[in-house]
Amino acid sequence: MKNSYDAIIIGAGPAGLACSAELANKGLEVALLDEQATPGGQIYRNITRTSSRQRTVLGEDYTEGLKVIENFEKAAPDYLPRARVWQAEPNGEVFLSHNKSSKKLTAQFLVLSTGAMERPVPFPGWTLPGVMTCGGMSNLFKDSSLAPTEPVVIAGSGPLLWLVAEHLFALDAPIAAILDTTPSKQYITSARHMPQALGRFGYLMKGVKMIAAVQLAAKKAKVPMYRNVKNIEAVGNEQLQSVKATCGNKQLEFAASTLLVHEGIIPNTALLRQIGCEHTWNPVQRYWHPEVNEHGASNLPAVFVAGDGSFVHGAKSAEYKGRLTAMAIAKQLHRLSKCEYKQQAAPVREQLHKELQPRPFIDALYAPRKDLFAIPDEATVCRCEGVTAGRIREIVAQGFSDHNEIKSIIRCGMGPCQGRMCGSAVLELVAERSGIPAEETRPLRMRPPIKPVSLQELANAQLEETDES
């Protein structure tokens, strides 16, 4: 692998794969870096190694990833799996760890296709063994064909909740209950976006059919389903034993060994904030996302953002965003003329526009509910440092409303995850107690290394140019 490239893409999900293939096909020197052992990102995780049974359960949307990877392999850019990027700079420098040593690469352009992550929401008992996210369960099945064999409760809101429920029914997993936390009124408030969403009628019907199939399977298996659920609580001593919740005036409790939770998806912005990309606040989905144009260009001339790392729109949209980013870079590097760029970008832009039609409806329907972060004082928020919601409220009441100040005082966000797991909750707790709108607070600042780096990796650092460059 060389040390210098025209473009370095970080993240081998649909956006990174499509972007690197498009650039390589235009004759540019490209490197794709990714933490996983195989390409695909989270949505197409391990797809090149899954069995036909796994693909049947996971469905057509998952197997679509094979086409993306086939195009990537034909283009054959340099690809470095198991590469943990822990620092990136606006001048095109990238620092990473691979095979027990660190390395520096440089490029004229960086494309950060870091993807998305499930929104972490603290609640009583969320740190108990047996509590995990729906996406985590999906990844276990993709990686190792694992599924629960003891009672499991599925709780939360969003399309992924229903998708995982559908998969678990197909696997005959012992589902104890499905608890939908989506507020009923959001079915009404989101309706104003329906006319636009109907432009993708087939896409909407696919979602309706999926939910209907889950409801039918639940009815046949006599699995209780509840809507408008609140106050999820995981109960147990050394591990999860039961799940409690409320539905109206009714108190619910189910014996379970596994609780799968999901409250939406947010961009994974750690690397984007570390490098200095400007961010803006989305009031519907309540998250920070980088300010980029339709090609993914950020405020930093050499830095682009592609895929769900810019805004969560789904796998196909991420693929189209990756291609548009690649075309914009190719144009800047004079591999595409203005005329060629217009001709090639127009159909991709049209496909992306069509793909995005249902998103305002979906975002409004599954917007975070107002009481999502009504966390009891005794509940742990920062898992790394053991900081409770009560302690955060206490420090905010003393006049501290900047997450970076709070971090320096009580270490909330100073652990190995650097605020990935607690950042959203701290932001909402600050807004709740201080009265300052979330969008007016300063986001948590990220400093390198954004991923843990061992002394051995630093001691073995390869920072000089090689003969391959």
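Contact here means that heavy atoms lie within 4.5 Å. The structure shown in every view is a predicted model.

**View A. Alanine 37 and the residues it touches.** Alanine 37 sits in the loop between strand 2 (30-33) and helix 2 (52-58). Once its neighbours within four places in sequence are left aside, alanine 37 is in contact with Tyr79, Pro81 and Arg82. Alanine 37 and arginine 82 are 45 residues apart along the chain, yet their C-alpha atoms are separated by 5.3 Å. With a relative accessible area of 28%, alanine 37 counts as partly exposed, because that class lies between the limits of under 20% for buried and over 50% for exposed.

**View B. Helix 12, its length and its bend.** Helix 12 runs over residues 338-356, and its 19 residues should span 27 Å at 1.5 Å a residue, which agrees with the 26 Å that separates its end C-alpha atoms. The helix bends by about 30° at alanine 345, and proline 347 follows within four residues. Alanine 345 is also among the buried residues of helix 12, together with Tyr341, Val348, Leu352 and Glu355. The elements that cover these buried residues include helix 11 (315-332) and helix 13 (359-365).

View C. In helix 14, which spans residues 389-397, the buried residues are Ala389, Gly390, Ile392, Arg393, Ile395 and Val396. Their cover includes strand 20 (380-382) and strand 21 (387-388), as well as helix 15 (403-410) and helix 16 (423-434). Just after helix 14 comes glycine 399, which takes a positive phi of about 110°.

**View D. The largest cavity.** A search of the whole structure finds four cavities of 30 Å³ or more, and the largest cavity has a volume of about 320 Å³. Its lining is made up of 20 residues, of which Thr269, Arg273, Trp288, Gly423 and Ser424 are the closest to its centre. Two or more lining residues come from each of strand 16 (265-267), helix 10 (270-275), strand 18 (287-290) and helix 16, with helix 16 giving the most, three residues. Divided by class, the lining of the largest cavity has 10 nonpolar, six polar and four charged residues.

**View E. The second largest cavity.** The second largest cavity holds about 70 Å³ of space. Its lining is formed by Leu58, Met137, Ser138, Phe141, Leu146, Ala147, Val164, His167, Leu168 and Leu171, and the elements that give two or more residues to this lining are helix 5 (134-144) and helix 6 (159-170). Eight of the lining residues are nonpolar and two are polar, while no charged residues are found in the lining of this cavity.

**View F. The second largest pocket.** About 670 Å³ of space lies in the second largest pocket. This pocket is lined by 30 residues, and those nearest its centre are Gln186, Ala367, Pro368, Arg369 and Lys370. Helix 7 (186-189), helix 13 and helix 16 are the elements that give two or more residues to the lining of the second largest pocket. By class, the lining of this pocket divides into 13 nonpolar, six polar and 11 charged residues.

Note on methods: Residues are numbered from 1 along each chain as its sequence is written. This is a predicted model: local features need pLDDT of at least 70, side-chain atom pairs count only at pLDDT 80 or more; totals for chains, interfaces and linings use all residues. Side-chain values use heavy atoms; hydrogens and water are left out. Buried means under 20% relative accessible area, exposed over 50%, partly exposed in between (1.4 Å probe, protein chains only). The expected span of a helix is 1.5 Å times one less than its number of residues. The bend at a residue is the angle between axes fitted to the seven residues ending there and the seven starting there. On a 1 Å grid over the protein atoms alone, a cavity is a set of points where a 1.4 Å probe fits but cannot get out, and a pocket is an open set with protein on both sides within 12 Å along at least five of seven lines; lining residues have an atom within 4 Å of a point. Grid points are joined across faces, edges and corners, and a volume is the space filled by probe spheres set on the points. Ala, Val, Leu, Ile, Met, Phe, Trp, Tyr, Cys and Pro count as nonpolar, Asp, Glu, Lys and Arg as charged, and the others, Gly among them, as polar.
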